[in-house]
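Open the model in your viewer and keep the sequence panel beside it. This tour tells you what to select at each stop and what is there.

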Amino acid sequence: MRMWAQSHLCQNPQRASSVLAVAFALIFLLLSASPSASALPAFARKYGLRCSACHESWPALNNFGLKFRDNGYQLMNDRDAPIWQNPGYWPVTFRITPIWHRLSSLNSVDVYTPGSPQYPNPSGTALQRISSSGFDLSGLDFHTGGTLEKNISFYVLPSSDPTGAFHFESVNARIDNVGGSPWLNFRLGRFELNNLLSEKRTLWLTGNGGIYQTYHFIPVGDGNIFGQMGDNQLGLEYMGHSVDDKTRVSASLLSSSDGNVNLSTGANSYSGFFTFDQGIDTGKLGMQRVGVYAFAGEAATYYPTSGGVPIAGSGVGNKGFSRVGFYGQFYLGPHFDLNVVTQHGEDNAYFGQGYGNAIATDGNGGTTATCSTPVATSTCSNLNNIPGTVLPPGSRSPTWNGYTFEARYVYSPQLIFKAVYEAERMSQQATPGTPSNLGNINNYSIGYRYNPFMTSRAGFAYFGEFNLFRQNGTGPTSPSGNATNTNTSELMFGMDFDF
């Protein structure tokens with residue numbers, strides 16, 4: 001779950017923030033001495049498994065947990081069907097995370113000169129780093145899933161932001177093992193794509209660390225929001241796997257809407273997401289897994305208008321895009337593993353020039369604002385490819401390469417240390433003459449997660465993490481008129497629990 005974006009808290013002095021950071025670090029380290037862990041609540045109550053059976057560190061899955069999910073939340077025994085379950089069993093888990101965090105970013109700040117003719121109006125601007133710290137909350141997730149009957153499973157996740165505004169993050173039903181074959185499984189609804197490195201089960205919770213930049217990268221000025229692999233998508237998925245789950249394959253037909261409901265964008269465009277991965281048993285080193293993926297399709301660039309306002313769901317003028325890459329999970333013994341994702345992305349030149357999503361939505365399918373004219377306005381940053389539109393001379397398809405490396409050191413089933421490095425690099429800008437490094441990203445995260453207990457009723461973790469995010473040329477404009485780099489940091493400690 002993507003639990004929050006960067007928030008704006010009351011500014012505190014930097015020295016006080018540093019003292020708080022040290023204090024919280026000591027508190028959370030001193031609390032790390034408790035009994036052994038067990039399992040995630042909802043399915044643990046059903047099967048009585050320990051958490052280490054399915055999770056490397058909850059919510060991240062290990063190979064057995066991946067097989068359990070691939071089988072439609074079934075162990076393939078008599079306890080799978082609801083008729084064999086205790087009538088009082090209700091497969092529901094809720095999760096919310098109280099936190100303390102400190103944010104820091106560079107901003108363009110108004111400068112006031114007392115006594116000047118403009119006072120109290122700004123007399124200019126200056127670049128200033130703003131740091132804020134305080135206590136906060138994540139959103140709230142209600143997870144429910146399991147079997148309706150043997151080989152018919154479901155998953156529903158109503159989720160809210162920290163203010164309590166709810167939407168349906170996931171809603172899907174599956175038919176598993178059609179004809180008794182593990183190679184025939186089908187899912188319909190809104191679901192996470194079959195990414196080997198799952199963003200919805202990530203161990204990271206900061207604003208920029210809590211998403212994988214490689215899954216969401218969009219070139220500066222690009223209007224294509226539709227190819228974001230980390231977002232849950234609407235569509236139909238086929239998934240097949242061998243009995244031992246070493247070989248896995250999937251193919252999904254998706255609406256090109258980035259998961260938005262009510263056909264709010266283009267109602268006449270589709271995308272495909274395809275994966276293949278293979279597990280290799282290397283004995284004491286563990287199960288290594290490598291695979292490839294491709295996300296390709298078309299999305300709208302032109303929306304017919306009424307009174308100059310684009311009509312929701314009317315998108316046509318489809319243009320193509322693609323995301324292809326490699327991923328791997330490498331276990332180097334019982335304690336260390338490395339996850340790798342690479343990507344080569346390409347958008348049509350129309351996307352590169354800002355055409356694409358001409359209708360602003362709230363991320364849940366509801367329209368919050370629309371372009372008041374067929375061109376960019378203060379309420380809609382994307383252009384509408386009206387008939388007769390001609391691209392600027394020399395316009396070309398933007399292309400880029402992305403890399404994600406996530407390392408985990410599992411000291412024990414209770415304690416895990418983690419680190420991520422991500423690099424997004426433009427290889428061709430949409431407009432000739434644009435700086436070659438505009439939009440390039442470097443993203444760093446380090447942290448730990450400690451589970452003092454996890455029973456069949458509840459899970460609990462202390463965690464701490466630190467994130468640094470850098471993006472070239474997208475920061476505030478300096479007083480001299482030059483673009484600066486986005487440069488943010490976030491330190492976070494908290495308690496993550498589910499029941």
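**Stop 1: a patch on the surface**

This is a predicted model. Begin on the outside: select Ile 175, Val 178, Trp 183, Leu 184, Phe 186, Leu 188, Leu 236, Leu 253 and Tyr 270, which form a nonpolar patch on the surface. Together these residues have about 820 Å² of accessible area. One of them, Leu 253, lies in strand E11, residues 247–255.

**Stop 2: the whole chain**

Now show the protein chain as a cartoon. Of its 499 residues, 52% are buried. How far apart in sequence are the residues that touch? Among contacts between residues at least 6 apart in sequence, 66% join residues at least 24 apart.

**Stop 3: the nonpolar cores**

Go inside and select Phe 226, Phe 273 and Phe 295. These are the residues with the most contacts inside the largest nonpolar core, a set of 24 residues. Two elements give two or more residues to this core: strand E13 (287–299) and strand E16 (319–331). The largest share, three residues, comes from E13.

Keep Phe 273 selected and display what surrounds it. Leaving out residues up to four places away in sequence, Phe 273 touches Leu 193, Asn 194, Asn 195, Met 229, Ser 250, Ala 251, Ser 252, Leu 254, Tyr 293, Ala 294 and Phe 295.

Another core, of five residues, lies apart from the largest one; select Phe 217, Trp 400, Met 426 and Ile 441, which are among its members.

**Stop 4: salt bridges**

Side chains of opposite charge can pair when their charged atoms come close. How many salt bridges does a search of the whole structure find? The search finds 10.

Select Asp 277 and Arg 289. They form a salt bridge, with the closest N and O atoms 2.8 Å apart. Asp 277 is in strand E12 (residues 270–281) and Arg 289 is in strand E13, so the pair links distant parts of the chain, 12 residues apart. Both Asp 277 and Arg 289 are buried.

Next, select Arg 323 and Asp 347. Their side chains meet in a salt bridge at 2.9 Å, N to O. Arg 323 sits in strand E16 and Asp 347 in strand E17 (residues 336–347), 24 residues apart. Are these two residues buried or exposed? Arg 323 is buried, because its relative accessible area is 2%, under the 20% cut-off for buried. Asp 347 is buried too, with a relative accessible area of 1%.

Then select Lys 418 and Glu 465, whose side chains meet in a salt bridge at 3.4 Å, N to O. The pair links distant parts of the chain: Lys 418 belongs to strand E21 (residues 415–428) and Glu 465 to strand E23 (residues 459–471), 47 residues apart. Lys 418 counts as buried at 4% relative accessibility, and Glu 465 counts as buried at 3%.

To end this stop, select Arg 95, Arg 449 and Asp 496. Salt bridges that share partners join these residues into one network.

**Stop 5**

Select Asn 440, in the loop between E21 and strand E22 (441–454). Asn 440 counts as buried, because its relative accessibility is 10%. Which backbone atom does the side chain of Asn 440 reach? It reaches the backbone nitrogen of Met 426, at 2.8 Å. Met 426 is also one of the residues named in the core of five. Leaving out residues up to four places away in sequence, Asn 440 touches Glu 424, Arg 425, Met 426, Arg 470, Gln 471 and Asn 472.

From that list, select Gln 471, which is in strand E23. Gln 471 counts as buried, with 13% relative accessibility. A polar atom of the Gln 471 side chain lies 3.0 Å from the backbone oxygen of Gly 439. With residues up to four places away in sequence left out, Gln 471 touches Phe 217, Gly 439, Asn 440, Ile 441, Asn 485 and Thr 486. Two of these, Phe 217 and Ile 441, are among the members of the core of five.

How values were computed. Residues numbered from 1 in each chain as written. Predicted model: local features only at pLDDT ≥ 70, side-chain atom pairs only at ≥ 80, totals over all residues. Heavy atoms only, no water. Buried < 20%, exposed > 50% of the residue type's maximum accessible area, 1.4 Å probe, protein only. Contact = heavy atoms within 4.5 Å. Core = buried A, V, L, I, M, F, W, Y, C linked by side-chain atoms within 4.5 Å. Helix = DSSP H or I, 4+ residues; strand = E, 2+ residues; numbered from the N terminus. Salt bridge = Lys/Arg side-chain N within 4 Å of Asp/Glu carboxyl O. Polar contact = N/O pair within 3.5 Å; in protein donor to acceptor, adjacent residues only side chain to side chain. Patch = residues over 30% accessible without salt bridge, like charges linked within 9 Å, V, L, I, M, F, W, Y side chains within 5 Å. Areas by Shrake-Rupley, 256 points an atom, 1.4 Å probe, with all protein chains shown as cover.
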